[in-house]
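This report describes selected local features of one structure, together with the contact between its chains. Please keep the sequence and the coordinates at hand while reading.

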Amino acid sequence: MLLANILVAGLLTGAVYALMALGLSVIFGVIRIVNFAHGEMMVLGMFGAWALNRFLHLDPLWAMPLVAAALFLAGYALQRGLINRFVARPEHMQFLLMLAIAIMLTSAMLMGFGPDARNVQLDYAFDSYDLGGLLVDKVRVLAAGGAVAGAALLWAFFRFARTGKAIRACADNYLGAQVVGLDVKRLYAITFGIGAACVGAAGSLMLLLVDVHPYLATDYTLLAFIIVIVGGLGSLGGALLGGLLIGLSEALSGFFIDPSMKSMFSYGLLILVLLVRPQGLLGRRL
Amino acid sequence: MLSVRDLDLFYGDAQALDAVALEVGEGEIVAIIGANGAGKSSLIRTIAGIHRPARGSIRFAGREIAGEPSHRVCEMGLGQVAEGRQIFPTMTVLENLEMGAALKRARQGAKAQLERAFALFPRLAERRRQAAGTLSGGEQQMLAIARCLMGRPRLVMLDEPSLGLAPVIVEDVFAVIARLRREEGLTIVLVEQNVAISLALADRGYVLENGRIVMTGAGAALLADDRVRQAYVGL
């Protein structure tokens, strides 16, 4: 039963990881830019939710849509004003640009919030549900529920909304999108905004589970990469699957060996996938 | 309706178009012929706003459009059926057509236009839920044409619509092009390597060589010209 508890906790945390990784996957799948500032944006989302809680006493769950909207706007402006100019440039320039953005974000958060870990006080922080012996933390259920809702919204947007379909068209055939008269640069800006909104939402939810400090950023960037590569670069289903798998692997290694060993197993999983199925579990082609 | 003057285009240091000039009147079918690499696709893409010219003027329906981005050019009613069809392979036939009607000028009346597209190409209606990448080459070409029509263009530029298609299908495609002019009053610019069939259909033609217009005249006259026949028709 203890093992079952661990498995469920791992899956629930994995759902939040999945939403974070979805953001990275959407950005790469459409714009073909690797967002090396992804973890920094995640931590920015966490601090956003923290500030909303500290000053407006908003639950991180309710802060989530606000933080997502704010990060959408920031992501849109960033792509429109800066990254669009780098889309056709060599990859090393894109890498340096995104790295610079990441470092600037971390520095700004250090200046704004300081290096100390911060958390939110919730009156339900230690509540749990008892499902026939299976103990599930309430915060984890809420966080996972928020992540699933975010992912479902994203799926519906790409499937049914006109703009969502137009973004898929850009990813499917860039020249074709220009030929039919889609405003590709604007759609790219919206795409980056959506990716940023996903990771911002994931950050708000993650604040339910862990404390936040600026140096978390690099860990989350690497974690998002592992998830997306394990699941398949550019595949949305892959990001979901990868997130859940990494959540499970972290929980199991923490339980059986030691919590500090969890990233070792995540990287182990990454190497295994790269060896056996380099395109990722649900990746299409390489 | 479309008037191009002194158009120069460079890819880095390489000149792809050199002082190209051409005129297309309303309701005309104008063919642009030339060998591989002569600059035909470069010309089409420059007019469509995908490439930026170094010099020259492109006027469409009384407005200067040189240097305008492609989505603005499309919005003015200058449509394109690109070389290699450029459909969206993982999206359904219906979604491909919807993308063609994403222009502001085409949103109203998109339903009626969809009916017309399906009437023109019944095969597409049968396969509307199928992923476009699974269609045959000829069907994909029909889809590319139908998708362009969804944007309700006044002038359509077709780039190598016969490329890679079986001769029977090529005839179908050209029959459709002729019908579009006859029934919808569309103005058409036709870029083709298949010189015989395109000059037979066109009112006028231009011969493009190494990025320059080297000859122009009525379609039938060009087709009868010895130099054209030797260089392009293989007679």
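A residue is called buried if 20 or more other C-beta atoms lie within 10 Å of its own, exposed if 12 or fewer do, and partly exposed in between, with C-beta atoms placed from the backbone. The model is predicted, so local features need pLDDT of at least 70 and side-chain atom pairs count only at pLDDT 80 or more, while totals for chains, interfaces and linings use all residues. Residues are numbered from 1 along each chain as its sequence is written, and chains are lettered from A and ligands numbered from 1 in the order in which they are written.

Arg32(A) sits in the loop that joins helix 1 (2-31) to helix 2 (38-56) of chain A, helices being DSSP runs of H or I of at least four residues and strands runs of E of at least two, numbered from the N terminus. Arg32(A) is partly exposed because it has 14 C-beta neighbours inside 10 Å. Arg85(B), in the loop between strand 6 (78-81) and helix 3 of chain B, is buried, because 26 other C-beta atoms lie within 10 Å.

Between the chains, 21 residues of chain B are in contact (C-beta atoms, placed from the backbone, within 7 Å) with 15 residues of chain A. On that side of chain B, helix 2 (70-75) and helix 3 (93-100) are the elements that give two or more residues.

Note on methods
Two residues are in contact if their C-beta atoms, placed from the backbone, lie within 7 Å.
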